[in-house]
Amino acid sequence: MRKPLRPLRLKIIIFYCKNIFLFLFICTNFLFTFAQNCYYFMKDDTSQIHSEVMPVGDKYENWFLEYASYVILERAVPAIEDGLKPVQRRIFHAMNEMEDGRYNKVANVIGQTMQYHPHGDASITEAMVNMGQKDLCIDTQGNWGDVRTGDGAAAARYIEARLSKFALEILFNPQTTRWQLSYDGRKKEPITLPVKFPLLLVQGVEGIAVGLSTKILPHNFAELIKASIDILRGKTAEIFPDFLTGGYADVSDYRQGSRGGKVRVRAKIEEADNKTLLIKEIPYGTTTGSVMDSIVKANEAGKIKIKKVVDNTAKEVEIQVQLVAGVSPDVTISALYAFTECEVSISPNACVIVGEKPQFMSVNEILRVNTEQTKDLLKRELEIRRAELLEKILFSSLEKIFIENKIYRDIEEATTWEDVIKRIDKGITPYKPQFYRTITTEDLTKLTEIKIKRISKYDTFKADEQLRDFEKEKAEVEHHLEHLIDYAVNYFKNLLTKYGKGRERKTELRPFDTIIATKVAANNQKLYVDKKGGFIGYNLKKDENTEFISDCSDIDDVVVFFQDGKCKVVKIAEKVFVGKDIILAEVFSKDDTRKVYNLAYLDGESGTTYVKRFQMGGITRDKEYDLTKGNANSKVHYFTANPNGEAEVIMVQLTAGCTAKIKVFDYNFAELDIKGRSSQGNILTKYPVKNMKLKVSGVSTLGGLEIYYDENVGRLNTEKRGKLLGTFSGEDKILVVTKDGNYELTSFDLANRYEASEIAVITQFKPEEVITAVHYVGEQDTYYVKRFKIETTTIGKKFCFISESKGSKLILATMDKHPQAEISYYQTPKLVGTMVNDLDVIGEVKGWKAVGSRLSSYKIKAVKLLNGVGVEKK
């Protein structure tokens, strides 16, 4: 018995049958038309021939433009008036129609929205979840996913939503809303919502249309309100992005969110210990999963060296990165920023719909437009309210006159409706001058609708009181209209008071340092050279001709020097031929300003031997450079590479047959100035040289290295940015005193990282210098002064020099030789006095573990450092 066809195979057969049938139908239709035209042609009846020509090109152009315009206006780009795309606007409108204070199933909201949005439920669901995750206009309930981890929301039938109080306050007002018919003509929907807030800038938006895209980054709620207030008061406002995921952001090239700008965003990475890094916040647009994947890929590529990466994210983000033994945490942090999603670059592109046309604007201009629109909407609402109050005052006055003057009795004898209206009008006529407008028939008709029960129970006192309330409110409204700026400012302040709690800035703004990838990349390869064969690389065959040079990374460059006095820089590879007669090959760093090469070479034309000291400077990769005068048969006699500008003494031996009187002499390279690689050098001798040998190892002629500390980025540099720490060389160290009462010695490696907000003192370490500190001992409720010298020498280890009891803290620290402090103290429980003390007099120099001397016998309110380097605390 044959087995039944599988469902997939059956579907394939049906698909092909359908297409074959369609093809046969088209062919038959074509043949029929062709035969019909031939018949009419043979009968000379050409009028019947189907010869209509359709210009497809023009139609395609129009169709494309219409489609592009539709996508731009109706799908991808938000309107400047309310900052919403059509799907977002329709969601809010549908939710407002359903609003009863209770949560609604998202599936129901989607169904309601589909009455206005003709593009299916998928786009509505995605837009609604996106807005719900921003926790601003939609109050959510259930599993709505997590933007930090990338987890999606539960199905629409399982989650619920309602409009937030903030949304209800700023989004809706039927009286100021412009309406249009929905796509099927059955219902009305808003053209734009009357939003009284810069909603577009606080939510951010991203959209891709046909030939156009927009990307507006989210900004901080409180900062936008303060900026709007500044704009209303005629001041200049500057706003910067703020992301829900936190992290750090460098907005130095933000350009107000316009095209061409850039924002660099970094994860917040903390050093738990020497072997563990903790990623506590991630960049905008990434997830914990994508960050971890990028770290694993960088490790597999050899860019970084880690043991493993673990996701401990729960309520807060925490990705644990465990390091390989011996790897620097500071260098690894820089490598994470250079090679993983721990740093991303975002290019804003603010584009909005203005007057049914897309327009590129800066975020500052968008904020100004939104602020002015908010002011105009508030004005319209006030004017509408004033008109309503005037109508209420008018009718209440008419009602009072109608009832108190018993005009209703005059209409008892009227026999027609016209007579009724005429009698009421006659009774009202003496009072008409007091009304703000002409009394109409409609007004008089309303008086006839007053019920007898109301007339019989009419209370003149309550009516007068109600009129006074209306007049009072009208006066208040008119005052607001006269002082519209103040009213708008108070409106924004009220929003900040009611909804600003918990909306503080999450992303810390700071300038970033420039990370050079080759300096922080892990050495994942070993560089070898075959001097005889002329090959370099990290995958050379290991034999007697192969020589190990150093560890390297696969993104390094290698500089190669040859016996004929030429050199070139090449990209490292598994195996690359560079040329024979290699005398030196090493990893090249173009930013190394300390590297100096000492060279003695024979000029092939004159036979003269020259000596020179030079630095490589700027180079073009794979270009050959000549270090000699460029003559044929030139060759190198002596060559060294000196990482710190060392200048050695060499012994020069001339040939025995030369006519020189002194055939052996010493030469000190320190006598030469350091110049560029193209300089010819100085003449050493015109006699033929037999050989040259090192006699005395050199010392650096460059002097110490001036190290600066840039507190903006928390990094060391030699480009004179920030505070000069001193001139460093050899085993010099940096002393760091932190605000939590610890000190630490570090090297002056430019890769070191320091958290500027945690530093009290950073300076060059000198063993003879004394640290003066004021600290508070919690268990004793007492302030102490201690002065001590650094007795430890371990690099990279923190030592706590204050009490570890609960409540203890460092008040100030300074390296000044004669520090003074202003002390505020309580003379009585209510009377505060001040005095200035010399801290070097109060405290003696003791060990770093000593508690120190008591600062004062009085109860201290505050301590302020008057001179020296340090940070004060209260």
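The expected span is 1.5 Å times one less than the number of residues, and helices (H or I, at least four residues) and strands (E, at least two) are DSSP runs numbered from the N terminus. This is a predicted model, in which local features need pLDDT of at least 70 and side-chain atom pairs count only at pLDDT 80 or more, while totals for chains, interfaces and linings use all residues. Residues are numbered from 1 along each chain as its sequence is written, and side-chain values use heavy atoms, with hydrogens and water left out.

Still on H9, colour Thr-288, Val-291, Met-292, Ser-294, Ile-295 and Ala-298, which are its buried residues; buried means under 20% relative accessible area, exposed over 50% and partly exposed in between, with a 1.4 Å probe and protein chains only. They cover an arc of only 160° around the axis, which puts them on the same side of H9, the arc being that of the directions from the helix axis to the C-beta atoms. On the other side of H9, Lys-297 and Glu-300 are exposed. Next show strands E11 (276–281), E12 (306–311) and E13 (319–323) together with helix H10 (329–339), against which the buried residues of H9 pack.

Now move to helix H17, residues 484–499, where 16 residues reach 22 Å from the first C-alpha to the last, close to the 22 Å expected at 1.5 Å a residue. Buried here are Leu-484, Ala-488, Val-489, Tyr-491, Phe-492, Leu-495 and Tyr-499. Seen down the axis of H17, these buried residues fall within an arc of 155°, so they line one face of the helix. Their packing partners are helices H6 (165–170), H8 (221–232), H11 (363–404) and H16 (460–482).

Then select Phe-197, which, leaving aside neighbours within four places in sequence, is in contact (heavy atoms within 4.5 Å) with residues including Phe-166, Phe-221, Phe-492 and Leu-495. Phe-197 and Phe-92 have the most contacts inside the largest nonpolar core, which has 68 residues; such a core is a set of buried Ala, Val, Leu, Ile, Met, Phe, Trp, Tyr and Cys residues joined through side-chain atoms within 4.5 Å. H8 gives the most to this core, with 7 residues. Apart from it lies another core, of 25 residues, among them Ile-279, Met-292, Val-317 and Leu-336.
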